[in-house]
Amino acid sequence: MARTDEDVRKEVWSHFKDMQVVFLATVEGDLPKVRPVTLLHLDRKMWVTTGSGDNKVRQIKANSNIEFCLLVKTDENSGYVRCVAEAEIVSDAATRTMIADNTPFFKEFWKTADDPGFTLLRIHPKEIEYLRPGILKAERFSLV
């Protein structure tokens, strides 16, 4: 039986937990800059907490287009979820507090949600490329 688009989408979203490490790419000039970050997946939305002085914040202010990659594994195979997205810097106090309260490591870096050293990024996915573990052909779908 052939997999439907809905089957693929459900499988992709099943790989996202409340927290996971992804590789986040931003752009500086005409060069990509990649680093691991913790992606929060709460209330069907994606978030990244970071320091306000971090290079990624400066890069996102200049160009909000990003991409991240989540590695996925089975016992013997690996694959990935790549996501083209836009990053939004969130200033809403209630949202910042909700994320701070739901991030176990928050207090290790910032005192409160209104700490000026804390930047909250909302990740707005646009397109997904999914390489299912053990399969050699990636599948793509748009989210806009």
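Mentor: Start with a term. Helices here are DSSP runs of H or I with at least four residues, numbered from the N terminus. By that count, Gln59 sits in helix α2, residues 55-62. Keep in mind that this is a predicted model.

Trainee: OK. How many helices and strands are there in the protein?
Mentor: The protein has 3 helices and 7 strands. Going from the N terminus, the order is α-β-β-β-α-β-β-α-β-β. The radius of gyration is 16 Å, close to the 15 Å that the globule rule gives for 144 residues, so the protein is as compact as a globular protein of that length.

Trainee: What box do the C-alpha atoms fill?
Mentor: Roughly 50 × 35 × 30 Å, taken along the principal axes.

Trainee: And the surface? How much of it belongs to carbon and sulfur?
Mentor: The accessible surface comes to about 8,600 Å², and carbon and sulfur atoms hold 51% of that. Buried residues make up 40% of the 144.

Trainee: What about contact range? What share joins residues at least 24 apart?
Mentor: 59%, counted among contacts between residues at least 6 apart in sequence.

Trainee: Now the strands. How do β1 and β2 pair?
Mentor: Antiparallel, over 10 bridges. β1 covers residues 19-28 and β2 covers 31-42. Thr26 stands opposite Lys33 in β2.

Trainee: What's in the turn between β1 and β2?
Mentor: The two strands form a hairpin with 2 residues between them. Gly29 is in that turn, and its phi is positive, about 65°.

Trainee: Which sense does β1 take with β4?
Mentor: Antiparallel again, over 3 bridges, with β4 at residues 65-73. Ala25 has Glu67 in β4 as its bridge partner. Follow Glu67 onward: its bridge partner in β5 is Val84.

Trainee: Switching to Arg140. Where is it, and is it buried or exposed?
Mentor: Arg140 is in strand β7, residues 139-142. Exposed means over 50% relative accessible area. Arg140 has 58%, so it is exposed.

Trainee: What does Arg140 touch?
Mentor: Glu127, Ile128 and Glu129, not counting residues up to four places away in sequence. Its side chain has a 2.5 Å polar contact with the side chain of Glu129. Arg140 and Glu127 are 13 residues apart in sequence, with their C-alpha atoms 7.3 Å apart.

Trainee: Helices next. Which residues of α1 are buried?
Mentor: Val8, Glu11 and Val12, in a helix that spans residues 5-14. They cover an arc of only 100° around the axis, so they lie on the same side of α1. These buried residues pack against β5, β6 and β7.

Trainee: And α3? Which residues are buried there?
Mentor: Arg96, Ile99 and Ala100, within residues 93-101. Their arc is only 100° around the axis, which puts them on the same side of α3. On the other side, Ala94 and Asp101 are exposed.

Trainee: What covers the buried residues of α3?
Mentor: The cover includes β2, β3, β5 and β6. β5 and β6 also pack against the buried residues of α1.

Technical notes: Residues numbered from 1 in each chain as written. Predicted model: local features only at pLDDT ≥ 70, side-chain atom pairs only at ≥ 80, totals over all residues. Heavy atoms only, no water. Pairing = 2+ DSSP bridges. Rg over C-alpha atoms; globule rule 2.2 N^0.38 Å. Buried < 20%, exposed > 50% of the residue type's maximum accessible area, 1.4 Å probe, protein only. Contact = heavy atoms within 4.5 Å. Areas by Shrake-Rupley, 256 points an atom, 1.4 Å probe, with all protein chains shown as cover. Polar contact = N/O pair within 3.5 Å; in protein donor to acceptor, adjacent residues only side chain to side chain. Arc of directions from axis to C-beta.
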